[in-house]
Amino acid sequence: MPLARRALLTALAAGSAGAAVTRTSPAVADVPAGAPAGYSPATAAARRLLPHHWRQLEFRTETAGAEGGRDTFRLSGRTGHITVSGDTPGTQLTGLNWYLRHVAHADINWAGEQTALLPRELPGPDGTVTRRANVPHRFVLNDTNDGYTGAYLDWPYWERELDVLALHGYNEVLVYAGADALYHRVFQAFGYEDEALREWIPGPAHQPWWLLQNLSAFPHPVSRQLLDARATLGRRIADRVRELGMTPVFPGYFGTVPPGFAERNPGARTVEQGEWMGFARPDWLDPRTDHFAEVAAAFYRTQDEMFGGPSTLYKMDLLHEGGTPGDVPVGDAARGVERALQEAHPGAVWVILGWQHNPPREIVDAVDKRHMLVVDGLSDRFPTVVDREADWGGTPYAFGSIWNFGGHTALGANTPDWAELYEKWRTKDGSMLRGVALMPEAADNNPAAFALFSDLAWREGALDLQEWFTEWAHARYGARDPHAAAAWDVLRRTAYGTTRVDRWSEAADGLFGARPSLTVDRAARWSPRRLRYDWSEFEPALTELLQVEPRLRTSSAYRCDLLDVARQALSNRSRVLLPEIRTAYEAADPDRFDELTGVWMELVDLLDRLVATDSRHLAGRWVADARAWGASDGERERLAYDNLSLLTVWGTRAGADAGLRDYANREWAGLVGGLHRLRWATYFGELRAAWREDRAPEAIDWFALEDRWTRDPGALPTRTTGDTYAVATEVRDRLAALSAPFVASALSASSAASASSTAQR
């Protein structure tokens, strides 16, 4: 790197843009007064998670027992004194989680927890328990996580999330926070002014797709203070990941440059990337060139300075979702990307997503496969995926799942595929399966799926799903309860009993959140068109959960599950009711139409009241989180739009029309009772008016309505209202009371639609 450019990067690091991220020593757990000997990062995490019991836990670092380098934990002890040993704090916390679920019958999850029923003195295990990870790579979080889970979540959220990920056995965590500040600093050394770069960098909610080279410069320029704050958060996350003995997976450099790079850097060679969903994609710097090597070297050196040092894992997706190589041979480009990474960090692993046709053989055949890991997003999606060794030429890969897209609130996952495929693929001759990859596009949902998928890497032999769900219900609520067991058996056979035979890995979203039409069959363009199980077989789970013993109903775990099941039962009925509304309209029966659309709007209101009882389902919280990062009224408004637009129009009109609108639809309070209600009321009103005036219904400019609402949604709930149990009881009673005509007529169609899925169970 030229000395002048190196000096400029050094000056930037010392200036105000880098003041918040100056390199410091990794964080060390504060030792409280009276802490037991050997206080450690695992002890600190236990103190955060179990404030009334952490002193009864002793964590020991022990590596001698690791078999063939496999992470191992050992659990022993007596009443009131539990000892967990492991090679890292994260492995020790994995042992603690095993103890909580299998001995103490408690649960700490990313969606709800149950610890209040723990006895004053923790029970001792029966002898010594030893568990070993069956794969070295346990990767977690999707590239889209910082958008769909929440771009504006602050340290208190991340502190708990990292503790919970360690509890569940993950050792590789994707860390994208602060990448905006990294690019901003690096490219000031390549001819760009501060303001130009801040205009190029998108808002935090849309940055994941900028890092994937899909878009830039939307919806508004970012501020210097925002960049500094995000860099500080990213450093704090990376430090804690390391403190817990896990590895931060950082974004690597594969060629994204701001516009006009070749003009500012004579001799540079860039390739225009065209458009993605109506957005102009950033240009791509030819990885074969010296200019690429120079930018990559600056990128990795600056990243080390900002985030506490190097990693051993770097995530990069070359030519993601339609990128074009131009006249650059893909294999040569891959070698250039790999060479730059290895020069900066010898031995580092290039992590790449298995998605659509990615990675092509041109990439995997060009690189040293020892330094690549494919995190497969399609393991449980397509039945045609049967031989990843052949697909990727013997490249190591991780068995992965993406059970939701856009953070949909739909409940379910293809757990039979996990039970059938993971162990078979892992143990077959010549297997290159080296990990698991948990990659829902948004985290903090489907707690049973989270726990079950996490268990795959820490067990041996066949997985009995009936037994697993029975034990899950026990730990989840703190005691055995026949109604809890019955509810989860229903869920096992319905929402969690689907398989990839229908070429889907996520559950169908509800129609209350769809752009209105009498023929609409999904809210998001790339979601299933029909339920993947029989809705009538699902609903008994709600009745069973409502009958769980009262003393087991007090935990956030129970309330989370009850709300999810009640919400899903209500949402499913949208698919039963809408065809009957269409029948009434086509039969020109205004009385029946009014009756059924009245029921529709009543259910929308009931759904909004239900989700308003839970803090995780408040659209106002989502907006308030974004506003909290702003330094002025104007910036707060811009950040609110950045975040809320992701759940509605997503981006521009062109992007919405290309299919992005409602991609991240959620059944959240304020969103359901706001935009979703407004759309359906507008639509039904226009159909009635057209009837009265004997004319064809007029086309509605849905994007204009949606974007207007997104910019000015009015007061959105930031605090819960009502009681989950009481409103869930209303849901059960209202669904039971719905008149038989539309239930009966839709039942056969719905059952037929799910027949192929049911046949697999």
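Where does Pro219 lie? In this predicted model, the place of Pro219 is the loop between helix 9 (207–211) and helix 10 (224–243), helices being DSSP runs of H or I with at least four residues and strands runs of E with at least two, both numbered from the N terminus. Residues are numbered from 1 along each chain as its sequence is written. Because the model is predicted, local features need pLDDT of at least 70 and side-chain atom pairs count only at pLDDT 80 or more, while totals for chains, interfaces and linings use all residues, and side-chain values use heavy atoms, with hydrogens and water left out.

Pro219 is joined to Phe218 by a cis peptide bond, with omega about -10°. A cis bond also leads from Asn358 to Pro359, where omega is near -10°, and Pro359 belongs to the loop between strand 16 (349–354) and helix 14 (361–364). Most residues other than glycine have a negative phi, and most peptide bonds are trans. Trp650, in the loop between helix 25 and helix 26 (653–660), has a positive phi near 75°.

Helix 25 (residues 633–645) takes part in a packing with helix 28 (residues 702–711), in which the axes come within 9 Å and cross at roughly 135°; axes are lines fitted to C-alpha atoms, for helices over the stretch in contact, and angles run from 0 to 180 degrees between N-to-C directions. Helix 25 is therefore oblique to helix 28, given that angles under 35 degrees count as roughly parallel, over 145 as roughly antiparallel, 65 to 115 as roughly perpendicular and the rest as oblique. Tyr641, Leu644 and Ser645 of helix 25 make the contact with Asp707, Trp709, Thr710 and Arg711 of helix 28, contact meaning heavy atoms within 4.5 Å.

Helix 25 also packs against helix 24 (residues 619–627), at an angle of about 135° and with the axes 8 Å apart, which makes helix 24 oblique to helix 25. On the side of helix 24 the residues are Trp622, Val623, Ala626 and Arg627, and these meet Arg636, Glu637, Leu639, Ala640, Asn643 and Leu644 in helix 25.

Helix 27 (residues 671–692) has 22 residues that should span 32 Å at 1.5 Å a residue, which agrees with the 30 Å between its end C-alpha atoms, the expected span being 1.5 Å times one less than the number of residues. Asp694, which follows helix 27, has a positive phi near 55°.
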